[in-house]
Amino acid sequence: MSTFVLVHGAWHTGQEFEAVAQPIRDAGHVVHCPTVAGNNPADDRRIGLGAAITSIADYLSENDLTDVILLGHSYGGMIITGVADRCPERLRRLIYWNAFVPNSGECLNDMVPPHYVAMFDAVSAASPDNSVMLPFPVWREAFINDGSAEMAQSAYDVLNPHPYATFTDAISLNVNPAEMEIGKSYINCTEDTALPQSLGWHPRLSEKLGLFRLVQIPGSHELCFTEPVALAGAIMKAGRD
Amino acid sequence: MSTFVLVHGAWHTGQEFEAVAQPIRDAGHVVHCPTVAGNNPADDRRIGLGAAITSIADYLSENDLTDVILLGHSYGGMIITGVADRCPERLRRLIYWNAFVPNSGECLNDMVPPHYVAMFDAVSAASPDNSVMLPFPVWREAFINDGSAEMAQSAYDVLNPHPYATFTDAISLNVNPAEMEIGKSYINCTEDTALPQSLGWHPRLSEKLGLFRLVQIPGSHELCFTEPVALAGAIMKAGRD
Amino acid sequence: MSTFVLVHGAWHTGQEFEAVAQPIRDAGHVVHCPTVAGNNPADDRRIGLGAAITSIADYLSENDLTDVILLGHSYGGMIITGVADRCPERLRRLIYWNAFVPNSGECLNDMVPPHYVAMFDAVSAASPDNSVMLPFPVWREAFINDGSAEMAQSAYDVLNPHPYATFTDAISLNVNPAEMEIGKSYINCTEDTALPQSLGWHPRLSEKLGLFRLVQIPGSHELCFTEPVALAGAIMKAGRD
């Protein structure tokens, strides 16, 4: 029996991981799906990356979780990297699921193509609270390309505006991911075009982990909606010793 | 119910799409499989790219087709790009299936490796009518690598000499594909080595579409022969809204 | 009915191919799984690449095998390339399974990333007989990433120290693989991270074969342990005419 903590990506909350958590629980494990500070409905969107990381580090300590298999999706890779740097003693393994892998001094925007940065800059400037949303056509074509039109719309409807400072704040680490002395896995969905595949997740970002275990699975960036049971299986393969 | 028009690649005719069309029709859609001018048995092989594009644009207007999901395979990507530039009002979405994606001023030969151009130059020069054929070993190993020897031979036997000017004529477009205001999908067969994967279809050519939907499926460049039902499924996923 | 000869990779013996050979035999073929000189329990680990190649060339002639489909896994690609150069008249087709493809004058170490060479240099220098082993964490995470912890351990337990000179000796060929007049196939396991995918097996090494047939299959570098039946199926597809 292992303890998994699943950290969602931008625009999501922990609630969107519940359908993934259930098959993992059915296999006998404990699964937590916390929501990162800044993504709860009532949260101030002016929160920065440091406070977002703190919220998950605090979640682990408040629940006294140890030997944790900590997964981050997309933006969640920034969070779990920061948590691993702050409290490695609570962790057994990191799993990056199509997630950003930052070295110290990097921000999320350093790892996305310029046209995304330009889009985010424009959208956040037009927002009342420095938050960003994805235009629906980008979501439907590049993020949830394996879903039906109906699923794309219903999933879009549960997204929340994301605190943009968490994309522009550089992370500060004592140890870069490649040097972290902990098991590391990377789950790559082979049809994930949320980043263009010429400037993609794997191997461009995965190999920043140094020695890591690769698990690949068909599907888009939003497999938590389109194939939650298959994703749960990949997580258990990525998480085992 | 949607209307699909499937445009074949070089050396093929529309007939080779019939086994793919059937499962799409069985799902309730209308499917047309026209043959591009220059590939019918009686056609003059000295035809150029402009006339080839015109033949499919004319097909749409003569049949008064609207809201069309227009698919092009391989060389067919040249055709559907030209059709989309000329009569966008008839189209709902473009689907490129391991297809060339030209910008204005490019010809097909600009997107293939030099050893293919040299081979095509030599074969066409030796032909009576500036046409090209594929040597069987290239077809068997690099185009239909997932088929049996028997299927490779029987499929080769239905190929027709291809008008080489359609490879060397530059396309002239008012709008490049990335700027076309229409849904665009790219189907990539993951074992397609008709182009070497270091200079391959996806993401090298797919990303010329700008925002597009990726659908991937196992198989070779000639899935219309080796797995027509699976290809039909991918086309329906690529074609939906 | 065909005759297959399966040549194992570094640290392995022919015995580890028996579970792969059985389904091929069940399909009516003859399958040989010789052990390359230097990898038998009693062999001197100071053996070089030339003697290793000779041992398999001798195996073919001693058993008077002709029309052979000769497969090499990983390091075995060095062996089968050398055998094909010496006795092409005995061969029908070469199959490289996530294998090295050398041109004349290259050694295996020329095709691996610098951090592997540094690791091998250090390990061999500390050995009594210029042999190398893989550290277990590298094996578990990067070689057999699709297996359970138990399978990773039990497979590791049957590995043997590998003669390091076979990695550092340059091969001498009359004809480079791209110019060899014989059928050539490459089987690529899509989750093989034994080489980092940014400096990987396919297409980086496969395309040194010139015209070749690609067969891809999910799994790690050690599919002979994790999915021997699926590997057998891929080998039969790669080996047919």
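Reader: In H4(B), which residues are buried?
Author: Tyr116(B), Met119(B), Phe120(B) and Ser124(B) are buried in H4(B). Buried means under 20% relative accessible area, exposed over 50%, partly exposed in between (1.4 Å probe, protein chains only). This is a predicted model: local features need pLDDT of at least 70, side-chain atom pairs count only at pLDDT 80 or more, and totals for chains, interfaces and linings use all residues. Residues are numbered from 1 along each chain as written, chains are lettered from A in the order written, and side-chain values use heavy atoms, without hydrogens and water.

Reader: What do the buried residues of H4(B) pack against?
Author: Strand S5 (131-132), helix H5 (136-143) and helix H7 (165-168) of chain B. Contact here means heavy atoms within 4.5 Å. Helices (H or I, at least four residues) and strands (E, at least two) are DSSP runs, numbered from the N terminus.

Reader: Switching to the interface. How many salt bridges between chain A and chain B?
Author: The rule finds 2. It asks for a side-chain nitrogen of Lys or Arg within 4 Å of a carboxyl oxygen of Asp or Glu. One of them joins Arg93(B) and Glu141(A), at 2.7 Å, N to O.

Reader: Which helix gives the largest share of chain A's side?
Author: Helix H5 (residues 136-143) of chain A, with 5 residues.
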